[in-house]
Amino acid sequence: MVFPIRSKAHRILSTMAAVRPSSTCSNYRRKSSASILTNSAEVEQGTHVELLPSVKRHPVRRLEASNDSMELAHECSNCEGENVSKANNGPDLFGEMKERFLSFKKHKFLKESEHFQTLAQAQAPKFMVIACADSRVCPSNILGFQPGEAFMIRNVANLVPPFENGASETNAALEFAVNTLEVKNILVIGHSSCAGIETLMRMQDDGDSSSLTHSWVINAKVAKLRTKAVAPHLSFDQQCRHCEKESINSSLLNLRTYPWIEDRAKKEMLSLHGGYYDFLRCTFEKWTLDMNGTRPVGGGKYLDEDRELWG
């Protein structure tokens, strides 16, 4: 009587392990090996009293049954973990990222291995790019920058604080790009529907000092004041579009407050450019700051040249 009961229990356990519904995995795991065997015996219409002595008489069989239940609990635990992971993370984002990386390696890195070996030794970018942190406006994607072409810093609203404001990630990157890498061009790129500029336009004059965002976008306060002065009749959305471009020029003027940038610019060793990406119309406007006609004093007037509209 004992052996058929054990066989039947083993078959039931095997069936349960094969099915493993996620909703009952936790129930399986909580059961001890003895309770699983007891329930299996009851399915065979045996009794708990009949089963336990037989198990005691056959410790090897009892160990086998215990191992079966432990394996089942382990498998159910893995099953439940996978389901929780998928529920928490949704699509396999890192799986997709892995595929994109492997595609880059196959179609780019390996095919241009000599170029990447050269980059591994040193970089000599043509551009220093200051762009917005917005996920929709990646400069490498929009303008096709290749590895090694652009030294880049991205921040909220693509701002350059004036030199007197002290150290920041942005001017640290500028210092390295200009003094060490000796880039020939600095390009400040703004874009349409910028949440940073909208925040600037909505907030009170000095903003909320406890807000890191307010404390940062206040660097473009001059652009806001100019917008309010020249476009008071425009709607709020139109004023934001105007300020998006005005803030780019404000950042270009702030670049000239850095002595080492101003020095190289005057010697025509460095050019300062503005760019505006309208992702609703997919156009890109590009211009160059006129160093001779622009005064870098107190956010003064500026002139641009070589203005182009692409798209």
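Reader: Which residues line the second largest cavity?

Author: In this predicted model, the second largest cavity is lined by A131, C132, V137, P139, I142, L143, I189, G190, H191 and F284. A cavity is a set of points, on a 1 Å grid over the protein atoms alone, where a 1.4 Å probe fits but cannot get out, and lining residues have an atom within 4 Å of a point.

Reader: Which elements give two or more residues to that lining?

Author: These are β1, α8 (139-143) and β3. Helices (H or I, at least four residues) and strands (E, at least two) are DSSP runs, numbered from the N terminus.

Reader: What volume does the second largest cavity have, and how many cavities of 30 Å³ or more are found?

Author: Its volume is about 50 Å³, and a search of the whole structure finds 2 cavities of 30 Å³ or more. Grid points are joined across faces, edges and corners, and a volume is the space filled by probe spheres set on the points.

Reader: What conventions apply to numbering and to the predicted model?

Author: Residues are numbered from 1 along each chain as its sequence is written, and side-chain values use heavy atoms, with hydrogens and water left out. As this is a predicted model, local features need pLDDT of at least 70 and side-chain atom pairs count only at pLDDT 80 or more, while totals for chains, interfaces and linings use all residues.

Reader: Where does UniProt place the feature "binding site"?

Author: The unreviewed UniProt entry places it at C132, D134, H191 and C194. These positions span 63 residues in sequence, yet no two of their C-alpha atoms are more than 9.1 Å apart, so they gather at one spot. From this set, C132 and H191 belong to the lining of the second largest cavity. UniProt positions are given in the numbering used here, feature names are shortened, and annotations may be inferred rather than shown by experiment.

Reader: Is C132 buried or exposed, and what about H191, buried or exposed?

Author: C132 is buried, with a relative accessible area of 6%, and H191 is buried as well, at 2%. Buried means under 20% relative accessible area, exposed over 50%, and partly exposed in between (1.4 Å probe, protein chains only). C132 is placed in strand β1 (residues 127-132), whereas H191 lies in strand β3 (residues 185-191).

Reader: Which residues does H191 touch?

Author: Not counting residues up to four places away in sequence, H191 touches C132, D134, R136, V137, N158, E244, Y276, Y277 and F279. Contact means heavy atoms within 4.5 Å.

Reader: Where does N158 lie?

Author: N158 is in the loop between β2 (150-155) and α9. N158 is buried, with a relative accessible area of 2%. Leaving aside neighbours within four places in sequence, its contacts include C132, I189, G190 and H191.

Reader: Turning to helix α10, which of its residues are buried?

Author: In α10 (residues 195-202), the buried residues are G196, I197, L200 and M201. They cover an arc of only 135 degrees around the axis, which puts them on the same side of α10. The arc is that of the directions from the helix axis to the C-beta atoms. What covers these buried residues includes α11 (212-217), α12 (221-230) and α13 (236-255).

Reader: What is the mean pLDDT of the protein?

Author: The mean is 80, and 68% of the residues reach 70 or more. Over residues 1-66 the pLDDT is below 50. pLDDT is the predictor's confidence in each residue, from 0 to 100. Where pLDDT is low, the predicted coordinates should not be read in detail.

Notes
On a 1 Å grid over the protein atoms alone, a cavity is a set of points where a 1.4 Å probe fits but cannot get out, and a pocket is an open set with protein on both sides within 12 Å along at least five of seven lines; lining residues have an atom within 4 Å of a point.
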